[in-house]
Amino acid sequence: MSDIQSEQSQHPESRITPEPAAVAPVALVEPIAAIRFADFGLSPEILRALTDQGYVHPTPIQAEAIPVVLQGRDVMGAAQTGTGKTAGFSLPIIQLLLAHANSSASPARHPVRALILTPTRELADQVAENVKAYCRHTPLRATVVFGGVDIAPQSAALRSGVEIVIATPGRLLDHVQQKTINLSQTHLLVMDEADRMLDMGFLPDLQRIVNLLPKERQSLMFSATFSPEIKKLAASFLKNPVTIEVARSNATADNVTQTMYKVNDQTKLDAVAYIIRERNLKQVIVFSNTKIGASRLARHLEAEGIKASAIHGDKTQNERMAGLEAFKQGEIEVLVATDVAARGLDIAELPCVINCDLPYNAEDYVHRIGRTGRAGASGDAISLYTDKDERLLVDIEKMIKHKFVRAELTGFVPKLRAPERGSERSQERERAPRGDSSNGRTAERSSQHTRSAYSAGSRKEKIDPWFLKPYEPSVSAVDSAQQGQANATTKQPKAKVAALLGGIPKR
DNA sequence: AAAAAAC
């Protein structure tokens, strides 16, 4: 570590040298030449689909996961962002469905046999595209189901018969209620971004869905981040699981250069514009912690002549999808996003990610910067922080087990502006454009899932040096209240989770 | 603290 420190203090912007890993870093991403997909006994149809896409050798997570899933085992899989987790679970699932003929005498010739859950609609869409490509030469059919779009075509697709459904939780339950989907034959469950799916906000819906599945089933969980607490919760959904870790959980991708710039709250937006100009960035995602902040930053960049667009949960689904697509097509240089875009999204060769705000959850930092440096490519992650963010910064350092160099943004001259009156927030609310969101559902939705009482609480003020303590991450909202206190009791949050699970009303 | 996820 000490050599890393000194190296960085000489070159404040130099890359964060990764900790010596058990395996050479690149080996965690690079396909393994000694193994071929054909070695796993995958059907010729699947192999043909892989050949279509030019895939011959599996990545390490794929090499480890595929045989284990084929054996019928439950899996808890951790691998860094951009290392091929999707294929790691999709390929063996497809193989299992092909190998075990449908034994159901159900009137539907194609009962749903595998369910893949994701935390965002765009990710569901992306995973579905992948799965469909892998199924292309097989008789299996896959469809995607998520909210914010017309339900009728989804119902039609489900009626026509599909073996694999990729879904976000809310709309899936909607289909359950409307009886357009039957999960009684669904013996395969995958939770993508599993730690997020087990977050307090998702857990009730998740529990309802799991209750609809056969007890005899195979369950798989994948993510780049698993806190110890979430691991325990995850285990309660798994039966004698095999843990697959091709790198330490919570590790950032090794090939991403991470930079931390201290900035002033008032000049943040200028700082982002400055960085984009200075580095001549033509393709960058900028993360904001709030929907309002994302919209405001996008407007600011546009005013600066930078082609930008915001995506967040108050945009219509059409706007979200159009924004993402425009960004992928290069029509937009900057995609300003909330954490709706933090996880899973695979944007080819994205060179850079900027955190305009440090994320509240350290885990999200790993996922956000994981949008760059995928599939072995190199990437840049630039984060802005203010003096109020020191605690968040330390949380991130503890989790990824790296200490950042706190750099200054030199040569940066913020624009002068008329001083604002009143709180920034209330002003922004007044200024928030109507059309920015609204299909009219927004207010309704935000009030509908009430904030849980568990999210209340405060962090401790004083912190010990991070390197003296083992990593004790936040479990989303579950124990954020407790984690601040020294020797946080783990009993209490667990009891709360149990109470919540037990207290979920049946629909 | 916030965001996400059904209508």
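Leaving aside neighbours within four places in sequence, E193 is in contact (heavy atoms within 4.5 Å) with P119, L123, F222, S223, R343, G344 and H367. The place of E193 is the loop between strand 5 (188-192) and helix 8, where helices (H or I, at least four residues) and strands (E, at least two) are DSSP runs numbered from the N terminus. This is a predicted model, in which local features need pLDDT of at least 70, side-chain atom pairs count only at pLDDT 80 or more, and totals for chains, interfaces and linings use all residues. Residues are numbered from 1 along each chain as its sequence is written, chains are lettered from A and ligands numbered from 1 in the order in which they are written, and side-chain values use heavy atoms, with hydrogens and water left out.

**Two buried polar residues**

- E193 counts as buried because its relative accessible area is 5%; buried means under 20% relative accessible area, exposed over 50% and partly exposed in between, with a 1.4 Å probe and protein chains only.
- The side chain of E193 makes a polar contact with the side chain of R343, at 2.8 Å; such a contact is a pair of N or O atoms within 3.5 Å, and within protein one must be able to donate a hydrogen and the other to accept it, while residues adjacent in sequence count only if both atoms are side-chain atoms.
- T252, in the loop between strand 7 (242-245) and strand 8 (256-262), counts as buried because its relative accessibility is 7%.
- The side chain of T252 makes a polar contact with that of Q258 at 3.2 Å, and, not counting residues up to four places away in sequence, T252 touches Q80, Q258, Y365, V366, I369 and I400.

**Aromatic pairs**

- The structure holds three aromatic pairs, and rings of Phe, Tyr and Trp (its six-membered ring) pair if their centres lie within 6.5 Å, with planes under 30 degrees apart counting as stacked, over 60 as edge-to-face and the rest as tilted.
- One of them is the tilted pair of Y274 and F412, with 5.3 Å centre to centre and 45° between the planes.
- This pair links distant parts of the chain, 138 residues apart, with Y274 in helix 11 (residues 268-278) and F412 in the loop between strand 14 (406-408) and helix 16 (424-431).
- Y274 is buried because its relative accessibility is 19%, and F412 is buried with a relative accessible area of 15%.
- Y365 and F404 form an edge-to-face pair, 5.9 Å centre to centre with 70° between the planes.
- Here too the pair links distant parts of the chain, 39 residues apart, with Y365 in helix 14 (residues 362-369) and F404 in the loop between helix 15 (390-400) and strand 14.
- Y365 is buried with a relative accessible area of 0%, and F404 is buried with 4%.

- Seven strands form an open sheet in the order 3-4-2-5-6-1-7 with parallel pairing, and two strands pair if DSSP finds at least two bridges between them.
- Strand 3 and strand 7 are the edge strands, each pairing on one side only.
- Four bridges join strand 2 to strand 4, which run parallel, and the bridge partner of L115 in strand 4 is V165.
- In helix 7 (residues 169-177), P169, R171, L172, L173 and H175 are buried, and what covers these buried residues includes strand 2 (114-117), strand 3 (142-145) and helix 6 (152-160).
- Just after helix 7, K179 takes a positive phi of about 60°.
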